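Here is my note on the model. Please read it with the structure open.

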Amino acid sequence: MSYRARIYLATVMLGGLALIVRALLDPVPPASLWFTCAILGVLATVAQLFKAEGPGNEGPGTFAFFATPVFLFAGVLLLPPPLLVLLVIIPHLVEWGKAHWDGGAHLQAWYIQPFNIAMYILAGSVAQWVYLTQQASLQRLGITSALLPILIAASVYLLGNQLLLGEVLVLAREVSWHESGVLRLKNLLPEWIMLCLGSSVALLWTLDPWLILPILCSLLLMYQALKVPKLQVEAQTDSKTGLLNTRYFNQSYVEEFKRAQRFKRPLAFIMADIDLLRSINNTYGHLAGDAVLIGVAQIIRENIRDGDIAARFGGEEFAIVLPETEERAGCAPRIA
């Protein structure tokens, strides 16, 4: 990690720590707000632990969907600063502890979760200040509607989170802002919807806490719906390499073969295997062999065209279908 990235991480975490200390100096909130914080904290923790994963845009990776912003933004609108920082800290600490207990790679680097906590505290605190300031200004003008302050606060919260996150990706991973994707509409829109749901939770909570149940049901339905594409991809792909599995490849190949015959179009078919993979497994272990398989699959994925079909055909075998490709082009060195 670069020196600039380390400085940035330290600055954000110190900023979050300063807001935590400042919040602790505020008066102790009333019991009713502690109850609100407890309910939102439980919901936020469940949302943080039970994420919905969907297939990524490229390769075998996945994207993770969290409903946590719904409850964190509700806290921005409902809770004073001491309870807001508590609402942010608890779910992320629980997730951090679970990640270390499971022993996986998720959140193993010590700075990731402290940065996440600081990021949400900074964005939430600024959004809360904007909300209260705008609300007070409108009240002085005799306007009692809370819609405009909520929309402004949600915009500040969303952009604050995305900008803080984007900068660490740019510095730590050395990617451009465009490559980070944090400001793309397809990434901003789901977050914006979560914040709108969070504002609904806050407004309904002030009327009757039981009124938030329909929103919780909609989140559950959304969670279930997001799992369907991942299940479909898992049924079609090889879990180790992210290429198609044999069963789905056979179906795709038959369809392409019939199409080529029907329209009298060229079709190339490549079969390949990795020499001495068994020797690698015996000498260095199966993890090393898996790394070789994953690396070869990545090379294939990076060098085929969008319309080509690639699969892991067996233990160490790969198959590629090249539509609209003559025999000579199919035999040409296409893969580095």
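1. Arg305 is partly exposed, at 35% relative accessibility. The class lies between buried (under 20% relative accessible area) and exposed (over 50%), with a 1.4 Å probe and protein chains only. Arg305 forms a salt bridge with Asp308, and the closest N and O atoms are 2.8 Å apart. A salt bridge here needs a side-chain nitrogen of Lys or Arg within 4 Å of a carboxyl oxygen of Asp or Glu. Asp308 is buried, with a relative accessible area of 9%.

2. A word on the source. This is a predicted model, where local features need pLDDT of at least 70 and side-chain atom pairs count only at pLDDT 80 or more, while totals for chains, interfaces and linings use all residues. Residues are numbered from 1 along each chain as its sequence is written, and side-chain values use heavy atoms, leaving out hydrogens and water.

3. The chain has 13 helices and five strands. These are DSSP runs numbered from the N terminus: helices are H or I with at least four residues, strands E with at least two. Of the 336 residues, 37% are buried.

4. Three strands make an open, antiparallel sheet in the order S3-S5-S4. Strands pair if DSSP finds at least two bridges between them. S3 (267-273) and S4 (309-312) stand at the edges with a single partner strand each, so one side of each lacks a neighbour in the sheet. Four bridges join S4 to S5 (residues 317-323). Ala310 has Ile320 in S5 as its bridge partner.

5. Two helices pack on this sheet. H10 (residues 246-263) touches S3, S4 and S5, and its direction makes about 25° with that of S5. H12 (residues 286-303) touches S4 and S5, at about 5° to the direction of S5. Contact means heavy atoms within 4.5 Å. Axes are lines fitted to C-alpha atoms, for helices over the stretch in contact; angles run from 0 to 180 degrees between N-to-C directions.

6. The structure holds seven salt bridges. One of them joins Arg312 and Asp238, with the closest N and O atoms 3.3 Å apart. Arg312 is in strand S4 and Asp238 in the loop between H9 (213-236) and H10, 74 residues apart. Arg312 is buried at 15% relative accessible area. Asp238 is buried at 15% too.

7. Glu324 and Arg259 also meet in a salt bridge (3.5 Å, N to O). Glu324 lies in the loop between S5 and H13 (327-331) and Arg259 in H10, so the pair ties together parts 65 residues apart in sequence.
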